[in-house]
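Hi there,

I'm passing a structure on to you, with some notes on what turned up in it. Have a look at it first, and then read on below.

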Amino acid sequence: MPGLRGPGTTGMGARSERGHRGRRAGAAEERKRLSGEQLRAMLPDLWVLVRPRRWLLLGGFGLMAINRVAGLVLPASTKYLIDDVLSKGRRELLLPIVGAVVAATIVQAITSFALTQLLSKAAQRLIADMRKQVQAHIGRLPVAYYDINKTGSLVSRIMSDVEGVRNLIGTGLVEFAGGLLTAVLALILMLRISPVMTLVTVAALGAFSVVLYRAFGVLRPIFRERGKIYAEVTGRLTESLGGVRVVKGYHAESREAEVFGTGVGRLLTNVLKTLTSTSVMGLSSTLLLGLVGASVMYVGARQILAGTLTLGGFFTYTMLLGFLVAPLFQVVAIGTQLTEAVAGLERTREVLRERPEDQDPRRTETLGRLRGEVAFEEVRFAYEPGQPVLKGVSFRSQPGTVTALVGPSGSGKSTIIGLVAAFHAPSEGRVLVDGIDLSTVRLESYRTQLGVVLQDTFLFDGSIRENVAFARPDATEAQVLDACRIARVDEFAEALPEGYDTVVGERGVKLSGGQRQRVSIARAILADPRILILDEATSSLDSESEALIQEGLGHLLRGRTTFVIAHRLSTIRRADQILVVEQGEVVERGTHAELLARGGRYYEMYTKQHGVESNLFLAPGEGDKPPGEGKPAEGLEAESASGPSGGGGLGGLLGGGG
């Protein structure tokens, strides 16, 4: 049996190997077929780019045709120079021949200059237009798209992928066509001089064309993959540079260097594959030139000795051969660039196919001035299918009231806020604003009446004035300064050497956390929203700064429908309604007093937090029972209104909002 098993195993291995080869061949054929289909699918997009510039391209082709025809004057005149002027002594032909060559050279120079001015500049304008188009399109995509795409990857899509378009609209495509035209014209002249030598040359060119076709078929997916790898590496690098304080804080420089090195290694591998293919094309080109040259030398010498070819004809043929082969070398280089351009355009096309959130066909309602009533009706939501985040949430917030959301991390509070801000749409149920389904509302009419103050304040790398005015670019100087005064920005801004023109640095790094938050609040005050979202708006402030901006926040909340995410429960005790959210459900709702009296989940959270805050500075073993433990709800409420639990902050401000 062992003797039988060996051959059987070998046979199975051979069949398995043949199966693998078959599958690899099938996969290669499938990739080739898909590549052809993708290229055909891109033709409409290419036509969209070309159509407005078709007359420009036609003019470029015309100039290129003149340029290449003029370029053939020199080799064509060589025959007459050798056979007539030098061999037969016809001196009267010398000046006309030299004059024709000089005129042709001047024409070549003028057309080359005109081509660069006409097409290269047009290509750069197109690149600028496409960058603006892609950036504007990405800016209108839903938040979910940003959740699954890195910032660096999107930057690469905007800045790098469109760069190759210059080879499609600029001189690249025209030079490609010009090279082919030169080759065709040279071939016609060569056929007239010696059909035999030309047939030998054409046979060699046919073999070279097969090599080119296969090489470009290999290169295109490699270039496409390079764009993806470059975007990933850029994305990680952007994150690493943006989070440099975290990286250094955890002494992770070497780890980040290793991650970046791995990405660069993948990019290098891709580039090396490209170089392998291009070097194969270069090898083929060199072999072609050598073989064709040797063949022409042999056949031409025999024809001269036989008297069927003149010496001038042979020299002219040799020069035309250079004009035939040189454009083919140029085709190799330009063809590689065009392949890379098509790959970049395909990636750009993927982005532009993403539907902007404001192009949803359901969004037809335009809102006027909002009253600010917000209602959730059995709202369910999931970021991933089968993993629900909200499970039938229902509540109503009346105009001018404050709704506070409390609960553990991951309970769904931020998701509710995201639905209020229309960053997402419910999977089931409805979010209503003034009785209108938010999923049917045109977003520009809604978000202009929405204000957001987040815990992680984001400031742009500009001046304090520019960051405050971001909410309303058309605001007057007086309105900006008034918002800064209410938010107490003036107290630190006017003390700076450059005042409100002080540049805050990337993400506001040159300001303290409290200063950044005050700028953010001033921005929200200037926006004058009808619906306001506060995500722990005073969490990054010290007690003194928090007290300074209480009045500003009170001014901001007054008369607006406000949603507050709060982790310090003492800051929301005067909210009109408190929603306790756990595992995607509202488990309790009511005012601070009602929820404490109920003795449920909110009571448990509040007493635990109150005890921790009251016991923060006790030595170990001190105060076995935190203040308030065992007290009735009324006692807790009374203490929380004036006790040591941090009753400042939003506590007094939310009362103004109610």
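F376 is buried, with a relative accessible area of 2% (buried means under 20% relative accessible area, exposed over 50% and partly exposed in between, with a 1.4 Å probe and protein chains only). F395 is buried too, at 5%.

Before the rest, some background: this is a predicted model, where local features need pLDDT of at least 70, side-chain atom pairs count only at pLDDT 80 or more, and totals for chains, interfaces and linings use all residues. Residues are numbered from 1 along each chain as its sequence is written, and side-chain values use heavy atoms, leaving out hydrogens and water.

The whole structure holds four aromatic pairs (ring centres of Phe, Tyr or Trp, the latter by its six-membered ring, within 6.5 Å; planes under 30 degrees apart are stacked, over 60 edge-to-face, the rest tilted). One of them is F376 with F395, stacked at 4.6 Å centre to centre and 20° between the planes. F376 sits in strand 1 (residues 374-384) and F395 in strand 2 (residues 387-397), so this pair ties together parts 19 residues apart in sequence. Strands here are DSSP runs of E, at least two residues, and helices are runs of H or I, at least four, numbered from the N terminus.

The rings of F395 and F563 have centres 6.4 Å apart and planes at 65°, so that pair is edge-to-face. F563 lies in strand 8 (residues 561-565), so the pair with F395 of strand 2 links parts 168 residues apart in sequence. F376, F395 and F563 form one aromatic cluster.

Enjoy exploring!
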